[in-house]
Amino acid sequence: MTLTLNHYLLVSGLLFTIGFAGVMLRRNIIIIFMCLELMLNAANLSLVAFSRFNVGADGLPNFDAQVLTFFIITVAAAEVAVGLAIIVALYRARQTTHVEDITSLKF
Amino acid sequence: MNPLLFWLFSILMLGFGISVVANRNPVASALSLVVSFFCLAALYVGLDAYFLASIQVVVYAGAVMVLFLFIIMLLDLKAEVRRKFNKLAICGGAVVALGFSAQLLGVLGSHPRGDQPFPALKLAEGETLNDLQKVGETLFSQYTLPFQVIGVLILVATIGVIVISKRELK
């Protein structure tokens with residue numbers, strides 16, 4: 001059995017689904033944040049798979065997709081730093097990381 | 001990539017991904033996420049993206065996860081107490097996840113180029129793929145401006161974190 005592009009896209013889609021289900025189901029804001037990271041990584045996996053399966057005329061993978069993945073990893077690192085700082089500030093103000101306990105903006 | 005290795009690392013990655021969602025203890029979730037990221041790096045190696053695999057290990061499994069664990073231990077989060085489940089959220093999550101999976105299978109089934117096997121790389125005799133050099137050339141020729149914008153973004157994020165972390169927001 002040979003590997004095809006669909007195998008990689010399927011695994012990437014399943015990883016995205018797991019992350020998405022985690023964001024919907026979990027109530028701890030740090031776990032929700034980790035699930036967001038899972039979703040970002042799922043997108044990265046499909047980008048790298050597209051890069052490897054799109055061999056150009058020079059016989060090399062398409063490196064544009066790998067550069068895009070590099071950018072996504074950089075932005076994700078910045079996002080984690082800011083997000084965790086916000087979570088710490090939230091914890092200092094409310095002493096909780098549960099999304100159900102934070103209802104000040106609820107209509 | 002060897003199909004056996006692909007399935008091994010894929011199943012490990014998805015299994016530990018589920019463990020991130022299912023674990024009650026945040027530290028266990030974070031450690032599962034580290035293993036999941038390592039398996040993803042192994043998949044990158046199988047796709048001949050060695051640079052991205054090393055970046056994945058250093059930045060994600062190293063820096064980002066250390067930050068997560070640091071915050072978890074700083075806030076001293078205990079394992080979650082069992083709460084009453086929100087039925088609406090569980091139903092909504094299950095419906096959306098299943099719907100997305102079904103949609104995914106449908107799209108992959110009708111995707112015309114999805115069945116192509118692994119294309120071989122054309123390399124000169126005795127040459128190995130130097131992907132770090134190629135990524136660097138692409139990054140610093142075609143994508144110089146986005147690279148600089150990313151640098152500004154990281155600077156802004158750093159300043160933002162310092163401002164947020166100040167004891168009193170004014």
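## Helix 3 of chain A

At 1.5 Å a residue, the 32 residues of helix 3 of chain A should span 46 Å, and its end C-alpha atoms lie 46 Å apart, which agrees. The expected span is 1.5 Å times one less than the number of residues; helices here are DSSP runs of H or I with at least four residues, strands are E runs of at least two, and both are numbered from the N terminus.

This is a predicted model, where local features need pLDDT of at least 70, side-chain atom pairs count only at pLDDT 80 or more, and totals for chains, interfaces and linings use all residues. Residues are numbered from 1 along each chain as its sequence is written, while chains are lettered from A and ligands numbered from 1 in the order in which they are written.

Among the buried residues of this helix are A:Phe63, A:Phe70, A:Val80 and A:Leu84 (buried: 20 or more other C-beta atoms within 10 Å of the residue's own, C-beta atoms being placed from the backbone). Their cover includes helix 2 of chain A, along with helix 3 (50–75) and helix 5 (131–141) of chain B. Just past the helix, A:Gln95 takes a positive phi of about 55 degrees.

## Where the chains meet

Now for the contact: chain A brings 62 residues and chain B 69, with contact meaning C-beta atoms, placed from the backbone, within 7 Å. On chain A's side, helix 3 gives the most, with 22 residues.

## Chain B

Chain B has six helices and zero strands. Its C-alpha trace spans about 60 × 40 × 25 Å along the principal axes, and 21% of its 170 residues count as buried.

How values were computed. Two residues are in contact if their C-beta atoms, placed from the backbone, lie within 7 Å. A residue is buried if 20 or more other C-beta atoms lie within 10 Å of its own, exposed if 12 or fewer, and partly exposed in between; C-beta atoms are placed from the backbone.
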